[in-house]
Amino acid sequence: MRYRLDRIRSGLARSEPFAGTARLEIWPWLDVAEGTWLHVQGDGRHFILIPGRREALAWQKGRGVASPLSLPVGPEGQGGSAGEWVLVGPLAGEPEPWPALAEKLGERLPLAERLGSDLAMLHTEFAHRDATIAPSAAFRTGRLRPDFQVTARSHPDLAGFIEAVVKEMTGLGLALALGRRAAELVLFASESPVWLGLDTAHRGDPAVDVSTLLADLLVRACTADGAADAYVAAAAALWKGYISTAGPDFGHSGMLQGSLEARVCRQIGVRVLASVDGEKARNGQALLAGQDVVRAVGRSLLMRPFGRLEGVFTRVLHASRHFRERSGGSAREQAGGER
C-alpha cells in the first residue's frame with residue numbers, strides 16, 4: 001500500500017491541480033464497494049481521490065467540484081500502468097464522511113437541518129434540467145438489486161409491496177436523483193455539504209436520496225444504545241430542512257398516496273429492512289447488534305405503511321425502547337401503523 005500511495009503521490013505532484021505544491025500527503029480515507037477513496041492534502045487544501053472512470057461526480061454550492069485524472073500505479077520504468085481516478089476538490093476544509101458525521105447529527109441539529117436544506121436545493125436546481133430519463137445501470141446495480149430485490153427475496157410475504165415501491169420509484173422522473181448509498185452520498189468539509197453520486201444521477205424520484213439518509217439515521221436509532229432519541233431528532237431535523245426549502249408539494253407524483261412524504265415513508269421501510277436482509281448483510285456485513293429490532297421495525301413499516309414521517313419516527317422510538325427493555329428471548333414483531 002505504501003508503494004502504491006507513493007506512486008499516486010508522484011503522479012499527483014506532476015498534475016495541474018498540484019503544480020508548485022510544496023508537500024503532498026495522501027492516505028486511505030473511506031472503503032467502499034468500488035475500492036478505497038483517498039484523502040489528499042497539500043498546502044492547506046483538501047481533496048478526495050476516488051478510483052475509477054466516472055461521469056461528473058460531485059456538486060457543492062451550485063458548482064461541480066470533480067475532475068478526471070489518470071495517474072501511474074505500476075512500477076516506474078516499466079511504462080507505469082495508469083489508473084483512472086476522479087479528484088474531488090478543493091474542499092472548504094478537512095473532509096468528513098457520512099458515517100462519522102451521522103454519529104454527531106443528534107447533537108448538532110442545525111447541521112442536520114442544513115444538510116436537508118442543501119439536498120433540497122440540489123434537487124430543485126436540477127429538477128428542470130435535462131437528465132437521463134431511465135435510472136442508470138449504476139443505480140440499478142448499486143441500489144435496486146442489493147437493497148430492494150435481495151430484500152424482497154428474503155421476505156416473500158412482502159415481495160409484492162417491495163416490487164410496487166420499486167415500480168413507483170423507477171417510474172417517476174421528478175428531479176435529479178443521486179441514488180448512492182448513504183456513506184457514498186455526501187461528505188462534509190467545514191460544515192459545507194459536498195454531494196457525491198452524480199455519476200449515477202438520473203431524472204428520478206427525489207425520495208430516493210431523502211429516504212437513504214433518513215433510513216441510515218433510523219437504523220442507528222434502533223442499534224445504538226441510549227441514542228435513539230438523538231438519531232430520530234437528527235432525522236426529523238434533516239426532513240424539516242428539506243421540506244422547508246423544497247416546499248411541501250415538491251416531488252408530488254400526482255397519484256394516490258403520491259406525496260413525497262408518503263413515498264419517503266415507503267422507501268424507508270425497505271431500506272431499514274435491507275440493512276439486515278439486503279445484499280450487504282448477506283455478504284457478511286450485517287449489523288453487529290439490534291438485528292431483531294431493525295427487522296421488526298422494517299417489517300412493521302411495510303406491513304402497514306405510514307403516510308407521515310412523524311408516525312415513522314414515533315414507531316422507531318417505540319420499537320427501540322420496547323425491544324431494548326427486553327433481555328433475551330425472541331422479539332415479537334409489532335405491525336401497527338397509521339396511514
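View 1. Ala-215 lies in helix H6, where helices (H or I, at least four residues) and strands (E, at least two) are DSSP runs numbered from the N terminus. The model is a predicted one, in which local features need pLDDT of at least 70 and side-chain atom pairs count only at pLDDT 80 or more, while totals for chains, interfaces and linings use all residues. Residues are numbered from 1 along each chain as its sequence is written, and side-chain values use heavy atoms, with hydrogens and water left out. Ala-215 counts as buried because its relative accessibility is 3%; buried means under 20% relative accessible area, exposed over 50%, and partly exposed in between (1.4 Å probe, protein chains only). Leaving aside neighbours within four places in sequence, Ala-215 is in contact (heavy atoms within 4.5 Å) with Ile-268, Arg-271 and Val-272. Ala-215 and Arg-271 are 56 residues apart in sequence, but their C-alpha atoms are 6.2 Å apart in space.

**View 2. Helix H8 and its buried residue Gln-267.** Helix H8 covers residues 260-277 and includes Gln-267. Of the 18 residues of H8, 17 are buried, so the helix is largely enclosed by the rest of the structure. At 1.5 Å a residue its 18 residues should span 26 Å, and the 25 Å between its end C-alpha atoms agrees with this; the expected span is 1.5 Å times one less than the number of residues in the helix. Gln-267 has 0% relative accessibility and therefore counts as buried. Not counting residues up to four places away in sequence, Gln-267 touches Val-165, Met-169, Asp-205, Ala-207, Val-208 and Ser-211.

**View 3. Cys-265, also in helix H8.** Cys-265 is found in helix H8 and, with a relative accessibility of 2%, counts as buried. Once neighbours within four places in sequence are left aside, Cys-265 is in contact with Phe-306, Gly-307, Arg-308, Leu-309 and Val-312.

**View 4. The crossing of helices H4 and H8.** The axes of helix H4 (residues 137-154) and H8 come within 9 Å and cross at roughly 80°; axes are lines fitted to C-alpha atoms, for helices over the stretch in contact, and angles run from 0 to 180 degrees between N-to-C directions. H4 and H8 are therefore roughly perpendicular to each other, given that angles under 35 degrees count as roughly parallel, over 145 as roughly antiparallel, 65 to 115 as roughly perpendicular and the rest as oblique. On the H4 side the contact is made by Arg-143, Asp-147, Phe-148, Val-150, Thr-151 and Ser-154, and on the H8 side by Val-270, Arg-271, Leu-273, Ala-274 and Asp-277. By class, this contact of H4 with H8 has five nonpolar, two polar and four charged residues, where Ala, Val, Leu, Ile, Met, Phe, Trp, Tyr, Cys and Pro count as nonpolar, Asp, Glu, Lys and Arg as charged, and the others, Gly among them, as polar. Asp-147 of helix H4 counts as buried at 7% relative accessibility, and, leaving aside its neighbours within four places in sequence, Asp-147 is in contact with Arg-181, Arg-271 and Ala-274.

**View 5. The crossing of helices H6 and H10.** Helix H6 (residues 207-223) and helix H10 (residues 291-303) have axes that come within 8 Å and cross at roughly 135°. That angle makes H6 oblique to H10. Val-219, Cys-222 and Thr-223 in H6 meet Val-293, Val-294 and Val-297 in H10. By class, the contact of H6 with H10 has five nonpolar, one polar and no charged residues.

View 6. Most residues other than glycine have a negative phi, and most peptide bonds are trans. The peptide bond from Gly-89 to Pro-90 is cis, with omega near 5°, and Pro-90 lies in strand S7 (residues 82-91). Asp-43, a residue other than glycine, has a positive phi near 50° and is found in the loop between strand S2 (35-42) and strand S3 (45-51).
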